[in-house]
Amino acid sequence: MTNFRDIEGLLDERTLRFLGDHEHRMLIGENWIDAQDGTRIDIINPATEQKLGSIPAASAADVNTAVNTARAAFDSGSWARARPADRERLLLKLADLMERDALVLAQLESIDNGKSAQIAEAVDVTLAIGFFRYMAGWATKIEGGTHTVSALAAPREAEFSAFTYREPVGVVAAIVPWNFPLLITSWKLGPALAAGCTVVLKPAEQTSLSALYLGRLIQEAGFPAGVVNIVTGDGPNTGEALIRHPGINKISFTGSTKVGQLIGRAAMDNMARVTLELGGKSPVVILEDYDPEQAAAQAAQAIFFNHGQVCSAGSRLYVHKSKYDSVVDQLANLADTIKLGHGLDPAHQMGPLVSKRQMDRVCGYINLGQEFGAERITTANSTPERGYFVQPTVFASTDDKLEIVREEIFGPVVVAMPYDDLDEVVRRANDTPYGLAASIWSNDLSRVHKLVPRLKAGSVWVNCHNMLDAAIPFGGYKMSGFGRDMGRQSLDAYLETKSVVMAL
């Protein structure tokens, strides 16, 4: 039975009105519709395990309708050939509407994902708004170039003019994960819309509410019908139909490496352009000059932010042996004091994981760590009676081959390991199939500058971790994917280059 009575006193009236439409619908063109076959997926609050409503489970037929609608909108030119200043204006208007409804968006993220509503408003929603504004500015700055012809196979007396156009790639499939639903949606919609593309957006089935609310704001802002279409459903059915649809010109996916590999292969079948931001197992490297108390506090932030459900989470902690015991003990003490509870309550520091499946997966890794000899430093405290909660966990080990060291856990679990010198820690930090991010903690800038180029990661943070900015590209090396979200580079992924050579 649908029930949000236990949290309604914590919610804004606008959030309650939105949740009151228990059977939410998808946006295709200008219409909010159900799946053609009527199939639906329950929305479960991970903090209470209560049903909050349901969303459509789009079939291949629904996906086909959405892609054809996006294609018609693209081919009509209402968006692709709109004046860049008009695209900029609508993106800025959307950002303004998001700012007006920031509390609603944050509360939807909290009850859908489990995260703190306060943190969601301060981080997720704020960054999403800022990114839309950043990308709005790029809409008026897309440009080609002129070229002096130098080596054409033509008579020397012949004259030519040569130049390039930058054009939108076409219809984009944007597939968003459940850990940062609204923020990563902005990473995909912002550059696609600035470039003049049309989009079929598929949010994760666990966390679709903020995307559906955003669809209302997109309509309120005045975007032409069909420019943004939102289909809800799972990966094997909805997602599979979307990535294999021949009408898709570009796929942008954020999620697991395993699924990303499947999407990359499917994209090649249709020669769709593809950007993949995938998994990570990011090292946090503490040099011996760094204060142990600060190191412990920052290491806690690197792993426990968003309950460890972060692709760039600092899940491997390397501490110089001279400071190792002090850092690990203080980190474990911090972990033991984190207060678990509903993300709508500001007194709680960590909410639940997104689903029972994810909770069971993370607990399985914790059990594996203990079974194969890692020392659990934190106390196995009790968790709330209801909800998908996992206690923050710190392991100590010297074995780089353990599964909890090698595999992405995607939960509040960190393995601390001592090292002797920089050559050793570089080798161990790079000994992973992933290469998304890393952080270095030191006040010795000479050693930092020598260390940064040796770490094989798309982002290297110094004396900070998980620091993102709209202007700075984000993406990975190796099995962490290819292509970049954010920054000027993200816009390039949604543009084609057309070369023109003209005889005069």
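In which sense do β3 and strand β4 pair, and over how many bridges? The two strands pair in the antiparallel sense, over 6 bridges. Please keep in mind as you look around that this is a predicted model. Strand β3 covers residues 40-45, and strand β4 covers residues 50-56.

## A sheet of three strands

Next comes an open sheet of 3 strands, in the order β5-β6-β22, with antiparallel pairing. Its edge strands are β5 (146-147) and β22 (495-503), each of which pairs on one side only. Strand β6, residues 160-168, meets β22 in the antiparallel sense over 9 bridges. To find your way along this pair, look for Arg166, which stands opposite Thr497 in β22.

## A sheet of seven strands

Another open sheet is built from 7 strands. Reading across, the order is β14-β15-β16-β13-β12-β18-β19, and the pairing is mixed. At the edges stand β14 (375-376) and β19 (459-462); each has a single partner strand, so one side of each is left without a neighbour in the sheet.

Within this sheet, strand β13 (residues 316-320) runs in the parallel sense to strand β16 (residues 413-419), with 5 bridges between them. His320 stands opposite Tyr419 in β16. Helix α12, made of residues 356-371, lies across β14, β15 and β16. The helix runs at about 25° to β15, which spans 393-396.

## The largest pocket

How much space lies in the largest pocket? The volume is about 1200 Å³. Of the 39 residues that line this pocket, Trp178, Phe253, Gly255, Ser256 and Val259 are the closest to its centre.

Several elements contribute to the lining: α8 (235-243), β10 (250-254), α9 (257-270) and α12 each supply at least two residues. Sorted by class, the lining has 18 nonpolar, 11 polar and 10 charged residues.

Is Leu331 buried or exposed? Its relative accessibility is 0%, so Leu331 counts as buried, the cut-off for buried being under 20%. Leu331 is found in helix α11, residues 324-337. Setting aside neighbours within four places in sequence, Leu331 is in contact with Ala296, Ala299, Ala300, Phe304, Leu317, Val394 and Val414. Ala380 is 49 residues apart from Leu331 along the chain, and the C-alpha atoms of the two are separated by 15 Å.

Thr207 gives a second example, this time from a loop, the one between β8 (198-202) and α7 (209-221). Thr207 has a relative accessible area of 1%, so this residue is buried. Leaving aside its neighbours within four places in sequence, its contacts are Asp112, Asn113, Pro177, Trp178, Pro181 and Val354. One of these, Trp178, is also among the residues closest to the centre of the largest pocket.

Methods: Residues numbered from 1 in each chain as written. Predicted model: local features only at pLDDT ≥ 70, side-chain atom pairs only at ≥ 80, totals over all residues. Heavy atoms only, no water. Pairing = 2+ DSSP bridges. Helix = DSSP H or I, 4+ residues; strand = E, 2+ residues; numbered from the N terminus. Contact = heavy atoms within 4.5 Å. Axes fitted to C-alpha atoms, helices over the stretch in contact; angles between N-to-C directions. 1 Å grid on protein atoms, 1.4 Å probe; cavity = no way out; pocket = protein on both sides within 12 Å on 5 of 7 lines; lining within 4 Å. Points joined across faces, edges and corners; volume = space filled by probe spheres on them. Nonpolar A, V, L, I, M, F, W, Y, C, P; charged D, E, K, R; others polar. Buried < 20%, exposed > 50% of the residue type's maximum accessible area, 1.4 Å probe, protein only.
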